[in-house]
Amino acid sequence: MGSGIAQVAATAGEDVVIYDTKEEALKTAEEGLDKILTRLVEKEKITESEKERIQGKISYINTLRDLKEVDLVIEAIVENLDVKQNVFSTIEKFVSDECILASNTSSLSIASIASSLEKPERCIGIHFFNPAPLMQLVEVVPAVQTAEEILQKAVAIIKSWKKVVAVAKDTPGFIVNRVARPFYGEALRIYEEGIADFATIDWAMKELGGFRMGPFELMDFIGNDINYTVTETVFEAFYYDSRYKPSFTQKRYAEAGFLGRKSGRGYYNYSESGSKPEANKNEDIGKQVVERILIMLINEAADARFWNIASATDIDNAMTKGVNYPKGLLSWANELGIDWCVQKMDELYNFYREDRYRCSPLLRQMHSKSEKFEV
Ligand SMILES: NC(=O)c1ccc[n+]([C@@H]2O[C@H](COP(=O)([O-])OP(=O)(O)OC[C@H]3O[C@@H](n4cnc5c(N)ncnc54)[C@H](O)[C@@H]3O)[C@@H](O)[C@H]2O)c1
């Protein structure tokens, strides 16, 4: 992630220093960037001189030195709070008082990282999506300690790098990793209930729902170990709210080493002899699958709005620009009708009698007032 972020900043004209404790990681970053930029030149997306300009903007270091000229540090090291806190308090000694110290963490609280600093008000979350040069979205996450001026500065810098900013509250999963949970969780549950198999669910979500990838293809792409861990982390962080409950199916697949593409087998078989099973292209089953996953996504997005995690526009931008959803979920809710959304959630709740299927109070309130989301 670090080298991708460096590429974004250098392309926007910033002078960048990449710091990593491992010499070989620096070498990999430098060689990787050269490969990516060479491909961009071949595709005529940039010129040879632009490539050289970008490369000339980046220097690589493996010991910390005077960084008084640096305006912004974006940390993208191992996802471990102790290690991050250590690095933040060390870095603070090398930078000026005005320097913003940001973390690219996906799952740790920004408040806990900021607490390691002498000046915690300069700390903020700046969360890129992978691959950083291609994904337009950046979530900017102020901690309770963050100064308003730092938030404004961080937003302006990231916008000047031609990224779409969504400002999110410092809560588990921020926007995208919270709102997207049902894409995986509800798909797994539909499979576990025997309503449809992997191929059918993937077919329905792509062909009828308009999503670029089906949930099982996407979990195989991300890796079942990684995706399971994110789900478990979010579940624990929400004090075991059943809406985020992880799935036994995914846990067993991860335990079995069926991690997805990277291990040659996940929900699908990626070996040379492996073939993809046929989907059951029954329109009624397909519709049932899409509606159930979609309403759970909409309900999650509405709840994120209810709890003031972000503005309606930022929630919609986050899902279209961070994970390429075909439409913003709140715009989708407007289109389908808030009354339809409430009815679908109530149908699920009445059948299962599980808290997982509780309708967001915001949807219910908007329904009673005949309101729509302002997106
Ligand atoms: N991979 C993703 O899809 C993704 C997406 C968004 C955010 N993130 C976040 O970005 C961060 C990095 O993730 P990644 O996948 O790039 O990890 P990675 O393991 O690929 O890279 C981490 C790098 O940090 C270096 N490092 C470790 N400890 C260090 C230290 N003390 N000082 C300096 N360098 C150190 C390692 O040598 C390594 O090169 C994590 O916080 C993660 O949550 C990752």
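1. Ile 74 stands opposite Ala 102 in strand E4. The two strands concerned, E3 and E4 (residues 100-103), pair in the parallel sense over 4 bridges, where pairing requires that DSSP finds at least two bridges between two strands. Helices (H or I, at least four residues) and strands (E, at least two) are DSSP runs, numbered from the N terminus.

2. Two conventions apply to everything that follows. Residues are numbered from 1 along each chain as its sequence is written. The model is a predicted one, in which local features need pLDDT of at least 70 and side-chain atom pairs count only at pLDDT 80 or more, while totals for chains, interfaces and linings use all residues.

3. The sheet is an open one of 5 strands in the order E3-E4-E5-E6-E7, with mixed pairing. Strand E3 (72-75) and strand E7 (164-167) stand at the edges with a single partner strand each, so one side of each is left without a neighbour in the sheet. From one strand to the next the twist averages 30°.

4. Helix H4 (residues 81-91) lies across E3 and E4 and runs at about 165° to E3, whereas helix H6 (residues 148-160) lies across E3, E4, strand E5 (123-128), strand E6 (137-142) and E7, running at about 170° to E6. Axes are lines fitted to C-alpha atoms, for helices over the stretch in contact, and angles run from 0 to 180 degrees between N-to-C directions.

5. The ligand is surrounded by 18 residues, the closest being Met 1, Ala 25, Ile 77, Ser 106 and Asn 130; a residue is near a molecule or strand if its C-beta atom, placed from the backbone, lies within 6 Å of it. By class, this shell has 9 nonpolar, 6 polar and 3 charged residues, where Ala, Val, Leu, Ile, Met, Phe, Trp, Tyr, Cys and Pro count as nonpolar, Asp, Glu, Lys and Arg as charged, and the others, Gly among them, as polar.

6. Which backbone feature deserves a check at Phe 174? Phe 174 has a positive phi of about 45° although it is not a glycine, and its place is in the loop between E7 and helix H7 (176-179). Phe 174 is buried, with 27 other C-beta atoms within 10 Å; the cut-offs are 20 or more such atoms for buried, 12 or fewer for exposed, and anything in between for partly exposed, with C-beta atoms placed from the backbone.

7. Helix H14 (residues 312-322) packs against helix H15 (residues 329-336) at an angle of about 105°, with their axes 7 Å apart. That makes H14 roughly perpendicular to H15, a term that covers angles of 65 to 115 degrees, with those under 35 counted as roughly parallel, those over 145 as roughly antiparallel and the rest as oblique. Ala 312, Ile 315, Asp 316 and Met 319 of H14 make the contact with Leu 329, Leu 330 and Ser 331 of H15, and these residues divide into 5 nonpolar, 1 polar and 1 charged.

8. Helix H10 (residues 215-222) has 6 of its 8 residues buried, so it is largely enclosed by the rest of the structure. The buried residues are Pro 215, Phe 216, Glu 217, Leu 218, Met 219 and Asp 220, and what covers them includes helix H8 (181-192), helix H9 (198-208) and helix H11 (224-237). Just after H10, Gly 223 takes a positive phi of about 110°.

9. Tyr 60 lies in strand E2 (residues 58-61) and is partly exposed, with 18 other C-beta atoms within 10 Å. Not counting residues up to four places away in sequence, Tyr 60 touches Ile 18, Leu 26 and Glu 30.

Terms used: Contact = placed C-beta atoms within 7 Å.
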